Every structure is written in structure tokens, then in C-alpha cells.
Amino acid sequence: MKSVLKTVGIQTKKDTEMINITELVKKTAESSGITSGVVYITTMHTTTAITVNEGLPDLEDDITEMLFRLVPAGLNYRHARFLHSDGQMAVNAPSHLRGALLGMQTVFPMHEGKMVTGGRQTIYFVELDGPLYRELMIHVIGE
Amino acid sequence: MIDIHTHPVQVADLYDGDPNLTRAVRDVFGFYVKPQPLDTFLYQLDEAGIDQAVLLPIDCTTTHGCKIVSNEQIVELVEKSDRFIGFASVDPLQPNAPKDLEKAIKSYGLRGLKLDPSLQGFSLHHDEYVYPIFQVCEELDIPVLLHCGMSWSPIGRAELAQPIHLERIIHRFPNVRMIIAQFGWPWVAESLMLALKHQNVYLDTSILFSGTPPESFRHVVEKVIGLETFDRSLHQQVVFGSSYPRVDPKRVVGAIKEMGFRESLEKKIFHDNAARLLKLEGQSL
């Protein structure tokens with residue numbers, strides 16, 4: 001069994017943003033040399049997420065609005081203080097909680113050299129506390 | 001919108017050519033988050049709605065043997081984006097400080113002076129080295145942003161940065177525009193007294209003592225100063241400052257917008273007061 005791990009950087013440009021990474025992931029996975037196995041797509045941060053949905057702007061807006069509705073900005077969160085290990089204010093509890101709702105990872109099969117997805121499935125890297133330079137891992141495991 | 005208080009210590013571009021900067025930022029400034037590309041900083045300004053940002057260095061040569069971003073590095077960043085306004089920093093404990101300041105303004109084109117007594121380790125009561133620096137500020141007609149109050153640096157000494165220590169300097173240099181950072185928290189009453197009495201004293205909004213920026217800002221404005229006093233007496237002397245990267249500028253902008261100030265007051269805080277003290281009036285942003 002082989003394991004190929006690629007780290008990809010993304011410069012996000014908004015506070016909250018759904019970035020379609022489907023083609024980036026497919027291209028990276030299919031150039032790994034592995035033809036049969038699985039592809040893990042994982043964010044390296046705790047205020048971003050990876051999610052899969054139909055690639056439509058109205059759904060992107062609905063998902064974003066759902067996150068803001070479920071996790072409003074102005075509540076009395078505990079994570080609202082100076083974080084000594086960072087040397088900066090940790091006042092982004094809503095970003096962490098929205099990320100927790102969506103999750104950090106998704107996985108797809110590799111079959112006969114292609115990453116297999118449903119016709120409407122779009123893979124999103126979701127920025128929840130941008131703009132920041134971010135990284136995600138594309139990990140292909142198989143033969 | 002103008003952010004008068006940013007420290008470009010998270011800009012990755014600066015670290016490549018300066019191996020000492022990592023130590024200065026971590027061990028002296030007390031900031032431990034991974035650097036980001038310069039573009040990230042510009043996008044963060046965009047997201048916050050900020051058109052221009054003042055970049056602040058801190059020269060700690062005598063006390064800590066380092067510069068938390070040098071004047072030359074500030075120039076390097078200013079040359080990369082016309083959205084940046086560069087301030088200089090000189091170490092008051094160095095004999096060449098007045099001449100270094102003159103050079104930074106006249107030769108490098110920097111637009112103001114940043115002093116941080118708590119990190120630079122000097123006393124504002126030592127006229128022999130403090131007065132010559134303010135003399136240059138007066139002659140060159142440049143503003144001075146002074147870190148006052150608590151320092152988030154683990155080795156910063158707040159006792160050196162108590163706002164009341166500025167009173168003699170304000171009396172001696174009534175024409176020098178001085179910005180007291182973070183309302184001098186926790187000595188807000190001292191900063192308020194100085195600003196009420198002296199029209200050349202400005203206060204910046206980077207109040208970050210605990211909780212969220214909206215909570216910190218609201219507490220100081222409503223509970224310590226009072227909304228009426230803030231609106232009536234400080235409307236021309238409060239300037240927007242975020243203290244990036246201690247906090248993301250978008251959150252400090254949000255804190256001020258949440259106050260629900262009248263539109264004219266908000267405009268003065270976000271732009272007009274800073275434009276006047278930086279002498280940017282008439283320049284397009």
C-alpha cells in the first residue's frame with residue numbers, strides 16, 4: 001500500500017467564504033500515482049471546514065446563513081480573552097463553533113485512476129475567520 | 001477608513017531577510033502566531049473596510065538589543081503598497097535618537113513617531129533624552145503615537161507608560177500631536193483628563209483588555225468615560241486603531257459600529273480625526 005500526502009495553500013479573501021476545491025482535489029489525487037484506494041481531504045485549521053454539497057451559489061448562501069443563524073456572533077462565549085500562547089486576543093468562538101458544525105474532513109474513493117464523486121457533489125474549503133493564508137491536506141492511500 | 005495602530009509583525013515577507021526579527025517578535029513583543037503573506041494583511045484590511053493603515057515599528061536597541069521591525073523595513077512595506085503610512089521609531093536611550101528620527105522623516109519619508117516606554121524601557125520624566133526627540137517632532141510637524149497603559153508583551157513595564165507622565169511633555173510641546181494608544185487602559189481617567197484639557201492629545205480605540213472588542217470598548221466608553229462626555233468632548237480626538245495583530249482589525253471596526261454612534265461621530269473616529277492629525281486632508285484614499 002502506498003501513501004501520498006500533499007499540502008495545498010489557499011489565500012482566503014473574506015471573513016466567511018466557501019471555496020470550491022473539487023478540481024484541485026481531483027487533479028492532485030489523480031496525479032498521485034495511486035489508482036485504487038481512498039482520498040482524504042482535511043483542513044489543517046480549527047476555524048475552517050471541509051464540506052460537500054451541490055455547487056450552487058444559492059446553496060452556498062443558505063449554508064453560510066445557516067451557520068450564522070445557529071452560531072450568532074454576539075453571545076456570551078467563554079473563548080473571549082487574551083490567549084497567552086498566541087500573544088493575541090482569542091475572540092473568535094463563533095468561527096470555531098461554526099467549524100465544529102461542518103467538520104474538518106471528507107473522503108472519496110479512488111477507482112481505476114479517478115477520484116469518484118456524485119455528479120452534484122462539490123467539495124468546499126470553508127473559511128470561517130478570514131482572510132488568512134490556509135492549508136489543507138490531500139492524502140491518497142491505496143495501490 | 002484609517003487604522004492608526006498596526007504592528008506589521010506577522011508579515012512573512014519581513015522575516016526572510018532578517019533572522020533577528022523572529023526573536024524580537026517572540027521574546028520581546030510576545031507574539032507567537034505563524035507569519036502570513038503581506039497579501040493576507042491587505043485582504044484583512046479590505047475585509048475590515050480599512051483604506052489606509054499606519055505601520056508602527058519599535059526600536060528597543062538599548063533595553064532588549066533588537067528592533068521590532070526597523071524603520072528600513074517599514075519603508076520596504078510602504079514601497080509595496082500606497083495604503084501604508086509608515087511611522088518611525090527611535091530609541092530615546094541612544095544618543096543619536098534625534099538625528100535618527102530626522103533622517104527617518106526627511107530621508108525615508110516616514111510620517112510620524114512611535115514610542116513605547118514600556119518596551120523601550122525609558123522614563124518619560126528624563127527630560128535630557130525625551131525633550132530633544134519631541135523637539136524634532138515639533139520642528140518637523142509630525143505626530144507621535146505613544147503606547148500607554150498595559151503592554152501585552154510579557155516583559156513590557158506598564159509603570160513606564162502611565163499617561164499622566166506625559167503631562168509635562170504636553171505642556172512643553174503644546175503643538176505636537178500626541179496619540180495615547182488604547183485610551184491608556186487601565187489609566188483611562190488620566191488619558192481622558194489629558195485629552196479633555198489638551199486639544200493636541202488624541203486617543204486610539206485599540207482597547208483590548210479582556211472579553212471581545214465590543215465588550216472592552218463599550219465598557220470604557222459607557223462606564224468609565226460616559227457616552228455624553230465621549231460624544232461632546234472627545235469627538236474630534238478619538239481615532240480608530242486596531243493594534244493589529246493583537247486582534248483582527250475587522251473585530252475592532254465591528255466594536256465601534258456596534259456602539260450605534262451618530263453617523264458624523266463614527267466618520268470622525270474612522271477617518272476625519274486621523275486624516276487631520278496625519279495631515280492627509282485633501283488627499284484621496
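Predicted model: local features only at pLDDT ≥ 70, side-chain atom pairs only at ≥ 80, totals over all residues.
A: Let's settle one definition first: helices (H or I, at least four residues) and strands (E, at least two) are DSSP runs, numbered from the N terminus.

Q: Which residue does a cis peptide bond join to Pro131(A)?

A: The general idea is that most peptide bonds are trans. Here the partner is Gly130(A), and omega of the bond is about -5°.

Q: Where is Pro245(B) found in chain B, and what is omega for the cis peptide bond that joins Tyr244(B) to it?

A: Pro245(B) belongs to the loop between S10 and H13 of chain B. The bond from Tyr244(B) to Pro245(B) has an omega of about 5°.

Q: What is phi of Ser243(B), and where is its place in chain B?

A: As background, most residues other than glycine have a negative phi. Ser243(B) is not a glycine, yet its phi is positive, about 65°. Its place is in the loop between S10 and H13 of chain B.

Q: Is Ser243(B) buried or exposed?

A: The way to read burial is to count neighbours: 20 or more other C-beta atoms within 10 Å make a residue buried, and 12 or fewer make it exposed. Ser243(B) has 25 other C-beta atoms within 10 Å, so it is buried.

Q: And what about Glu112(A): is it buried or exposed?

A: Glu112(A) has 7 C-beta neighbours inside 10 Å, so it counts as exposed. Its phi is also positive, near 50°. You will find Glu112(A) in the loop between strand S7 (105–111) and strand S8 (114–115) of chain A.

Q: How should I read the length of helix H14 (residues 263–277) of chain B?

A: Compare the span with what the residue count predicts. H14(B) has 15 residues and reaches 20 Å from its first C-alpha to its last, close to the 21 Å expected at 1.5 Å a residue.

Q: Which residues of H14(B) are buried, and what do they pack against?

A: The buried residues are Lys268(B), Ile269(B), Phe270(B), Asn273(B), Ala274(B) and Leu277(B). They pack against strand S1 (2–6), strand S9 (201–204), strand S10 (238–239) and helix H13 (249–257) of chain B. Just after H14(B), Lys279(B) takes a positive phi of about 60°.

Q: Which residues are buried in helix H6 (residues 97–106) of chain B?

A: They are Ala97(B), Pro98(B), Leu101(B), Ala104(B) and Ile105(B). Seen down the axis of H6(B), they fall within an arc of 125°, so they line one face of the helix. Among the elements that cover them are helix H5 (71–80), strand S6 (113–115) and helix H8 (127–140) of chain B.

Q: Stepping back, how many helices and strands does chain B have?

A: Chain B has 14 helices and 10 strands. Its radius of gyration is 17 Å, close to the 19 Å that the globule rule gives for 285 residues, so chain B is as compact as a globular protein of that length. The C-alpha trace spans about 45 × 40 × 40 Å along its principal axes, and buried residues make up 54% of the 285 residues.

Q: What is the corresponding picture for chain A, in helices and strands?

A: Chain A has 3 helices and 10 strands. From the N terminus on, its elements run β-β-α-β-β-α-β-β-α-β-β-β-β. The C-alpha atoms fill a box of roughly 50 × 35 × 20 Å along the principal axes, and 31% of the 143 residues count as buried. Among the contacts in chain A with a separation of 6 or more, 84% come from residues 24 or more positions apart.

Q: How many residues of chain A are in contact with chain B?

A: For an interface, count each side, then ask which elements and residue classes supply it. Here 16 residues of chain A are in contact with 22 residues of chain B. Strand S5 (81–83) and strand S6 (88–90) of chain A each supply at least two residues of the side that touches chain B. By class, that side of chain A has 7 nonpolar, 4 polar and 5 charged residues.

Terms used: Residues numbered from 1 in each chain as written. Chains lettered and ligands numbered in written order. Expected span 1.5 Å × (residues − 1). Contact = placed C-beta atoms within 7 Å. Nonpolar A, V, L, I, M, F, W, Y, C, P; charged D, E, K, R; others polar. Arc of directions from axis to C-beta. Rg over C-alpha atoms; globule rule 2.2 N^0.38 Å.
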